[in-house]
Amino acid sequence: SNLNDPVTLEMLSFCSKVGDPRPGQPYEGGTFCALLPSNSEGRKTALLLKKAFDHGLTFQIKSCNGEERVTWGLIPHKTSWHGGKARNGYPDSHYLREVGIIL
């Protein structure tokens, strides 16, 4: 499969939810890019990831060194063309199946 379909997600700003470090606190977001293969399975996964995004499941607030910031949530995303599974990259022959099960 051809790996050339980036999915860019922008979290411009939002209020945190219950379970975040400071519920109701507004946070500035950022631009996050996930990479998917350019095939039918990759496009199906993109639709599932969009649905998860629309339901607020894509990102979470994490505290790091006393600073809270927006990060990826529990749904795994590929963010690199290289490095394999250990570095959130490809190749990872099981990724689409695993993320499909999670979603």
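The following questions and answers explain some descriptions used for this predicted model.

User: Why does L35 count as buried?

Analyst: The cut-off for buried is under 20% relative accessible area. L35 has 7% relative accessibility, so L35 counts as buried. This residue lies in strand β2. L35 and S80 are 45 residues apart in sequence, yet 7.0 Å apart in space, C-alpha to C-alpha.

User: What makes N88 partly exposed rather than buried or exposed?

Analyst: Its relative accessible area is 43%. Buried requires under 20% and exposed requires over 50%, with partly exposed in between. The value of 43% therefore puts N88 in the middle class. N88 lies in the loop between β4 and α2. Although N88 is not a glycine, its phi is positive, about 55 degrees.

User: How do you know that the peptide bond from Y90 to P91 is cis?

Analyst: Omega for this bond is near 0 degrees. P91 is placed in the loop between β4 (67–72) and α2.

User: Why are α1 and α2 called roughly parallel?

Analyst: The two helices pack at an angle of about 30 degrees. Angles under 35 degrees count as roughly parallel, so the pair α1 and α2 gets that name. Their axes are 10 Å apart, and the crossing is left-handed.

User: Which residues make the contact of α1 with α2?

Analyst: From α1 come E41, G42, T45, L48 and L49, and from α2 come L96, R97, V99 and G100. These residues divide into four nonpolar, three polar and two charged. Gly counts as polar under the scheme used.

User: What makes the set with L35, L36 and L49 a nonpolar core?

Analyst: The set qualifies because a nonpolar core consists of buried residues of listed nonpolar types, joined through side-chain atoms within 4.5 Å. This is the largest such core, and its nine residues are L35, L36, L49, A52, I75, Y90, Y95, L96 and V99.

User: Which elements each supply at least two residues of this core?

Analyst: They are β2 (26–36), α1 (40–54) and α2 (95–102). The most comes from α2, with three residues. A second, separate core has five residues, including Y27, F32, I61 and V70.

User: What does L96 touch, leaving out residues up to four places away in sequence?

Analyst: L96 touches L36, P37, E41, G42 and T45. L96 is also one of the residues in the largest nonpolar core.

How values were computed:
Residues numbered from 1 in each chain as written. Predicted model: local features only at pLDDT ≥ 70, side-chain atom pairs only at ≥ 80, totals over all residues. Heavy atoms only, no water. Buried < 20%, exposed > 50% of the residue type's maximum accessible area, 1.4 Å probe, protein only. Helix = DSSP H or I, 4+ residues; strand = E, 2+ residues; numbered from the N terminus. Contact = heavy atoms within 4.5 Å. Axes fitted to C-alpha atoms, helices over the stretch in contact; angles between N-to-C directions. Parallel < 35°, antiparallel > 145°, perpendicular 65-115°, else oblique. Left-handed = near helix turned anticlockwise from the far one by under 90°.
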